[in-house]
Structure formats: C-alpha cells, structure tokens
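Open the model in your viewer and get ready to select a few side chains.

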Amino acid sequence: MEQFLNSRQEEMLGLLEQLVNIDSGSRNKAGIDKVGSILKEAYINLGFDVQTVSQEIQGDHLIIRHNDASAPEILIVAHMDTVFRDGTARERPFSVRDGRAYGPGVIDMKASLVSLIYAVQAIKESGRPGLDNIEILLTSDEEIGSITSRPMIEAHTEGKKAALIMEPARKDGSHVSARKGGGDYTIRVHGVAAHSGIEPEKGRSATEELAHKIIKLHALTDYTEGITVNVGIIQGGDAVNVVTPEAVGYVDIRTTKLSQAEPLDRKIRDICAVPDVEGTSITVEGAIDRPPMERTEGTARLIEIIREIGAEIGIEVTDTATGGGGDASYTSAAGIPTIDGMGPVGGNAHREDEYMELDSFIPRCRLLAETIVRLSEKP
C-alpha cells in the first residue's frame, strides 16, 4: 500500500485543492452538493454503490457501500460541510508552503475526504479484504449539529462492530477516544419595567434575576467530573434608566458521561423554577441532547489494534479526550467501539490559518487503509 499511495501523492493533493477551492459552508447546499458529486463519481468508479439522501435546505447526504457488500461491519463517517462563509475559497484558496497545506476546510475535513478515497483505492489495489466490509456516510451538516444527519448515522449503527470517524488527528497526531456530550439552554426572564430614577420600586429587574441564576448555574460546574455549565451570552434591557423587563441567557452544557445528563438537567430546571427576585418569572428551553463519546472497553481494544498497526508501519499512535462534540458521540452512544481523529494531522480548524501537515497525508491514509483491512480479516 505504501508504494501505491506514494505514487498517488500528487493526485491526492490535486483532489484536495479541488475540494478546498469549493465553498461548502453548512448553509451552502450548492457547494456541498458539488463536493458530493465529485466524491460520488470517485466511489462509483471504485465499484461502490452511492445512495443520495436528498435534503431540501442543507446539502445531500451520501450512503456508500461496495457493490459486493451484504452486511458491512465497519461504519465510517465523514462530513462535507465547513464553517466558512461563501467567498472564502476565492479570498484565500488552497496553497502549500513550509510543509503545510492551507485553505478553508483543508483539515476539517476535506483532507480526510481525500484520505478516505485513496485508502479505499489502496485496499482495492492490494487485493486485500475490507472493501465489502465498510459502509461510508458522507454528511452535510456536522458543523451545525448534525441536524438531519444524526438520525441517519444512528440508523446505520445497527450491526456494526466498529466505527471510524474521519475528523482530523490532533495537532500532536493523537486520535480521539473520548468526547464530551452536552446541549444548549435558553433562560428567559420576565420582569416589570419602570423608570429607574422616578419609581424604581415599581419595577422588577429581569437583569438582576438573571444574574442570580448565572451564579447558581455556573456553580454546577464540576471539573473533577468533567461537567461544565457556561452562560456564554446574556441579553437584556432597552435603556440604562429603565428597570429591565426582559433578559435572556444562553447556556452551554458539557458532560463526560451519559449518566450525568438527567441529573444535571433536573438541577438546571430546579434552579430556574424559583425566582430570587420577587415578581419575576422564568422559562427554560433546551436540553442536554448530545451524548458523550465515552472511552469504553471496546474503544480501548480498538485503539490498541490501531496502535499495533501503527507500530508496524512506523506511526506512534496515541489517543486523547477532547471537550468538543462530534458525530463520534452518536456511534459511541449506540454501543459501537468508536475511534475519532482518523484523518491526517493538522490544526487551527475553523480559523484563517487552518492547516494540514503534508508529511502526515500518506502515512495517515495508509494507517486508515491498514485498519480497515485488519478489522476485516477473519480469524
């Protein structure tokens, strides 16, 4: 495989440049579908069947299985959308300098899309097993919470024994074996307006009430248990000389264990059920709806297999936990051993200086291919 992939490096970079130079932000259906059409053609040429799951607003999802597949046991998930606004690709197109590739979405995760295609090609070229044992989901809305793709991902976990998620490896090359789950809440406080100079006693300050709630909500943070509660945005008030009649707080929640969600949700609602400022009232919207990716025994075994493969081909495989969410949470919550970060090495995702380490492109592609083969070999 190594020789084959080395001979295709320029091709890989050419395809990467083509994909990076297409604007495919999560709300850009035309751009995502253009990326999808390029990938669809590539997989069809490799002997795969590609099913298009049409979406009205976001880009279409793709479900990809080899024509000889009957009951594939490996689920591979990657996303085609980026966080960048339209026009970004024209403003700072794909470029290579000082051993790194740059451009919008280059590491998150267009390099992974290329790596996956060429890993499949390498397996086909080698004649080794694996192509009929994988099911690939290419999604269009991961960057905005997998709104339409989550049910599809969860539906395709049935019968799977391993899930490989194509987010990039961390800056130090680590794979991801655990991710936080979480959710979002909106806390709306209703008070009574009054002139703050003439008759403040007639007012009931929504801002004051929200301040009490912020302190109590932040007190739910428990770093030792991996629980964080953050009121990241607050809004309220029309004028400085008016007792605030309405205030809103937007809350981000992160958890490390599925068992933490229900008790934390209950505490949040209990805090907001009783006002601290008499005469105010509170409504709570939202939920903890994204499960964490927990490092299970199955995941530990899976990372050990990848570690062994890495040692054989000269890659030191390490794993880590991260606070960010991702599609790995859905496969993990379904009980499937899951490893994330199967893409190339890079960093600064979602930033103008997002990059991929060029010298990781071929090795990480080979690691992915060898992992698919090893998981497909029968005892």
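Start by selecting R366, which is buried at a relative accessible area of 17% (buried means under 20%, exposed over 50%, partly exposed in between, with a 1.4 Å probe and protein chains only). Its salt-bridge partner is E2, at 3.4 Å from N to O; such a bridge needs a side-chain nitrogen of Lys or Arg within 4 Å of a carboxyl oxygen of Asp or Glu. E2 sits in helix α1 (residues 2-7) and R366 in helix α11 (residues 361-376), 364 residues apart (helices are DSSP runs of H or I with at least four residues, strands runs of E with at least two, numbered from the N terminus). E2 is partly exposed, at 43%.

This is a predicted model, where local features need pLDDT of at least 70 and side-chain atom pairs pLDDT 80 or more, while totals for chains, interfaces and linings use all residues. Residues are numbered from 1 along each chain as its sequence is written, and side-chain values use heavy atoms, without hydrogens and water.

Next, select E73 and K161, a salt bridge of 3.3 Å, N to O. E73 is buried at 18%, whereas K161 is exposed at 56%.

Now for the rings: select Y102 and Y355. They form a tilted aromatic pair, 6.5 Å centre to centre with 50° between the planes (Phe, Tyr and Trp rings, the six-membered one for Trp, pair if their centres lie within 6.5 Å; planes under 30 degrees apart are stacked, over 60 edge-to-face, the rest tilted). Y102 belongs to strand β5 and Y355 to strand β18.
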